[in-house]
Amino acid sequence: MRRSGFRTGLALLALFVLFAPLAAQQGLRDVGCSEWHACREMARAAADSGDYERFHDLAWRAIQLGPKNDPGLMALLAHAQALSGRPHDALVMLDRLAGMGIAADADSEDFARTRQLPGWSDVAAHIERVRRPDAAAPPATTPPSRTPASPPAATPPAPARPEPEPASAAHPAPSEAIRFSTGAFTPGGLAYDAVSGRFLFADRVGRKLFIVSERSNRTTDFVRGDTAGFNEIAAMEIDARRGDLWVASGAPAEGAGTVHKLQLISGRVLRSFPIAEDLKPVSLVDLAVTPAGAVLVLDATGSQLLELRPGAAALDRVIRLTTPPLASLAAGSDESIAYVAHRDGLVRIDLRARTAANVTAPRSVALDRLERIRWHDRALFAVRADEDGTRRIMRLDLNASGRAITKATTLEPAVPIAEPAFVTFWGDELVYLADGSSSGDGSAPGDGSRLSEFVAYRLPLR
């Protein structure tokens, strides 16, 4: 690496530092530093010595501990990603910097592999527009860059998608977040990584994870099953506080399951936790992470909730449930409380006392047939299958104890959501995946005979 050019670039970028504090993270993998200034200096030393993997880990730790959206730290991480064999991650980071109005020096030898990627021309044009703001900009071929905290104004959905009946005047209709094409694809999870500005998708049967950045609308394989040890992927969840990605996969015919811990920024597998023999047979259907970092896993076959505590070597059983088939799981803002949706209703789990109690609701609120639940902004958000086969997205507000629904609001009464149903959050918007294909050739979407188009729609929550 050209030390002088690299450090000169960082010095220039430091003029644009944003002084927004980010809370110190707990439970991060030990890399030898606990303060961002120290991590940054250690990262630079690792780069100088040619230890690029350590350079990456230290730069990533500095990002987690340092000021939010600090351009200097982001540029440092971009160099680390490029030099440690993560050229696509570096591409995403360079584009994020350009979106902040900062033209990073991407002409150095560090980014040689990044400049060979198919998406480089778009990012290079973005950087050039930042360098020469007065020059005539070419017609945009991708959506404008945006940050997770401040999503742009809604744009009309694709004409091929029928307009749903609005839930109320206070809740705008969904609009597109991203649109992409891919081959045969059965959803096994959906998540949004706010640090890199990209959506993560799990392909259940394909046993892989792929990513779509906010701007590119192109799919890129992230982690494949043959390298990560995935079986059929049932769920995934990001632990943003600790920079981890958790994936649940299983072999239903064998009654086996595994929980995988990956490094979010790189996809590197850190550890796998097979379900113990005394807990089998299992069929893992959902996964959640508590604020304290415990990983909760829902097993439909054994009707049980499993937990992997921070630092533990194996999962253990929290509770067996006597309810009908289990569908989904959400961890509340209180680290001791979780919620489980089943065919006929909703259950509140006290993780410490290891007890379960039905969540009550007014007669006008139906809690049966909830297919997916997630906790956000002190409320539960649910995907419910109605009797006519349509699906709706609802917000469920609870009382102070979390034992009763006080208000249910339909945010979208009829969504063309892909099956199985998955949702995630992007700032103050909920994102769900829909099949955007319109076949006129008689082939079924996702049947492998052609590329199918998918759309991730964003639904404002405020």
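In the predicted model, Ser336 touches Ile349, Asp350, Leu351 and Arg352, leaving aside residues up to four places away in sequence. Ser336 belongs to the loop that runs between strand E14 (326–331) and strand E15 (337–342). The relative accessible area of Ser336 is 8%, and this residue is therefore classed as buried, a term that applies under 20%. The side chain of Ser336 is also joined to that of Asp334 by a polar contact of 2.9 Å.

A second region of interest is the pairing of two helices. Two packed helices are described by the angle between their axes and by the distance between those axes. For helix H2 (residues 36–49) and helix H3 (residues 52–65), the axes come within 8 Å and cross at roughly 160 degrees. Because angles over 145 degrees count as roughly antiparallel, H2 is roughly antiparallel to H3. The crossing in which H2 passes H3 is left-handed.

On the side of H2, the contact is formed by Trp36, Cys39, Arg40, Met42, Ala43, Ala46 and Ala47. By residue class, the contact of H2 with H3 comprises 12 nonpolar residues and 3 charged residues, with no polar ones.

Key:
Residues are numbered from 1 along each chain as its sequence is written. This is a predicted model: local features need pLDDT of at least 70, side-chain atom pairs count only at pLDDT 80 or more; totals for chains, interfaces and linings use all residues. Side-chain values use heavy atoms; hydrogens and water are left out. Axes are lines fitted to C-alpha atoms, for helices over the stretch in contact, and angles run from 0 to 180 degrees between N-to-C directions. Helices (H or I, at least four residues) and strands (E, at least two) are DSSP runs, numbered from the N terminus. Angles under 35 degrees count as roughly parallel, over 145 as roughly antiparallel, 65 to 115 as roughly perpendicular and the rest as oblique. A crossing is left-handed if the near helix is turned anticlockwise from the far one by less than a right angle, and right-handed if clockwise. Contact means heavy atoms within 4.5 Å. Ala, Val, Leu, Ile, Met, Phe, Trp, Tyr, Cys and Pro count as nonpolar, Asp, Glu, Lys and Arg as charged, and the others, Gly among them, as polar. Buried means under 20% relative accessible area, exposed over 50%, partly exposed in between (1.4 Å probe, protein chains only). A polar contact is a pair of N or O atoms within 3.5 Å; within protein, one must be able to donate a hydrogen and the other to accept it, and residues adjacent in sequence count only if both atoms are side-chain atoms.
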